[in-house]
Amino acid sequence: MEDRNTLTARSAVLSALLGSHPPRLPSRALVRIGEVFGIAEGTVRVALSRMVAAGDLVQEGGRYALSSRLRERQARQDESRSPHTRAWDGTWEIAIVTAERRAPSDRAALRHTMTALRLAELREGTWLRPANLIRQWPEIVTAQCTLVDGTPREDPTGLLWDLEGWAAEARRLLKSLGQAEGLAEGFLVSAAVLRHLLADPLLPPELLPEAWPGAELRARYDDFDRDYRRALHRHLDA
């Protein structure tokens, strides 16, 4: 987790907007959030200007909103909190890269997209996961890959994901949610939980170890976030 004393103005602004619905806040609110971490108003405003220039934010009068690229990240973040799944019939989604002469930018974009779709790479150019998520394949995938539905003879879950590591961090974050005090600590814990949920492979129950903490972390975070948002709004309105 990012230490309170090293939180940058950019990180504070992004986390605040990613957690806001709609992802738009007035500059004075973002300055007030910076104050929680001892970040000077001037530093926040410089960060806002740089983020607009970099295409991370869009300025709308006295308000700042996430760009379309970062709104996609917020959508993935929201999906990780309340995933759209279906009963699993044992089928796996397999995407095999078959496009030739791909530019490095295309390779990087595909890897980013596959990770966002929660597929894992078994070997170079072969991605797969259980077919239990409800979603569409984006064009970047269909343009570079051949898609196959199949069933591995042996369960590859242990080769694809570190489930023990994810579960251990989830349990640590559950404790942090119960121990967080004050706006600054709560802000950091909230951001850490959301990052961790984005890394959840969202596997069907049949492939998860016993006492998997995913559902508990989501439920506890929903309660925490509701109370934290009330406290943060009181601070912003003060």
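D56 counts as buried, with a relative accessibility of 7%; buried means under 20% relative accessible area, exposed means over 50%, and partly exposed lies in between (1.4 Å probe, protein chains only). R69 is partly exposed, its relative accessible area being 46%. The side chains of D56 and R69 meet in a salt bridge at 2.4 Å, N to O. The term salt bridge denotes a side-chain nitrogen of Lys or Arg within 4 Å of a carboxyl oxygen of Asp or Glu. This pair links distant parts of the chain, 13 residues apart: D56 belongs to the loop between α3 (41–53) and β2 (57–60), whereas R69 belongs to helix α4 (residues 68–81). Helices (H or I, at least four residues) and strands (E, at least two) are DSSP runs, numbered from the N terminus.

## Basis and confidence of the model

The structure is a predicted model, in which local features need pLDDT of at least 70 and side-chain atom pairs count only at pLDDT 80 or more, while totals for chains, interfaces and linings use all residues. Residues are numbered from 1 along each chain as its sequence is written, and side-chain values use heavy atoms, with hydrogens and water left out.

The pLDDT is the predictor's confidence in each residue, from 0 to 100. For the protein chain the mean pLDDT is 94, and 97% of the residues reach 70 or more. Over residues 1–5, however, the pLDDT is below 50, and this stretch has 15 contacts in the model beyond near neighbours in sequence; contact means heavy atoms within 4.5 Å. Where pLDDT is low, the predicted coordinates should not be read in detail.

## Salt bridges involving helix α10

A search of the whole structure finds 15 salt bridges. One of them joins the side chains of D225 and R81, at 3.6 Å from N to O. Because D225 lies in helix α10 (residues 214–237) and R81 in helix α4, this pair ties together parts that are 144 residues apart in sequence. D225 counts as buried at 10% relative accessibility, whereas R81 is partly exposed at 22%. R81 and D225 also belong to a network of salt bridges that links R81, D222, D225 and R229.

A further salt bridge, between the side chains of D223 and R226, has an N to O distance of 2.6 Å. D223 and R226 are 3 residues apart in helix α10, so about one helical turn separates them. D223 is partly exposed, with a relative accessible area of 39%, and R226 is likewise partly exposed, at 42%.

## Helix α9 and its surroundings

Helix α9 (residues 182–198) has 17 residues and reaches 25 Å from its first C-alpha to its last, close to the 24 Å expected at 1.5 Å a residue. The expected span of a helix is 1.5 Å times one less than its number of residues. Of the 17 residues of α9, 12 are buried, so the helix is largely enclosed by the rest of the structure. Among them are F187, L188, V189, L194 and H196. The buried residues of α9 pack against α1 (9–18), α2 (27–36), α4, α8 (163–179) and α10.

Leaving aside neighbours within four places in sequence, S190 is in contact with Y221, F224 and D225. D225 is the residue that meets R81 in the salt bridge described above.

## Strand β4 and its partners

Strand β4 (residues 92–97) has 5 of its 6 residues buried, so the strand is largely enclosed by the rest of the structure. Two strands pair if DSSP finds at least two bridges between them. Strand β4 is joined to strand β6 (residues 126–130) by 5 bridges, and the two run antiparallel. Within this pairing, W92 has P130 in β6 as its bridge partner.

Strand β4 is also joined to strand β7 (residues 145–150), by 6 bridges and again in antiparallel orientation. Here V97 stands opposite C145 in β7. In a regular strand the side chains alternate between the two faces of the sheet.

## Annotated domains

UniProt, in an unreviewed entry, lists residues 9–69 as "domain: Transcriptional repressor PaaX-like N-terminal". UniProt positions are given in the numbering used here, feature names are shortened, and annotations may be inferred rather than shown by experiment. Over residues 9–69 the chain is 57% helix and 18% strand, with the end C-alpha atoms 20 Å apart.

The UniProt annotation "domain: Transcriptional repressor PaaX-like C-terminal", also from an unreviewed entry, covers residues 166–237. This span is 76% helix and 0% strand, and its end C-alpha atoms lie 37 Å apart.
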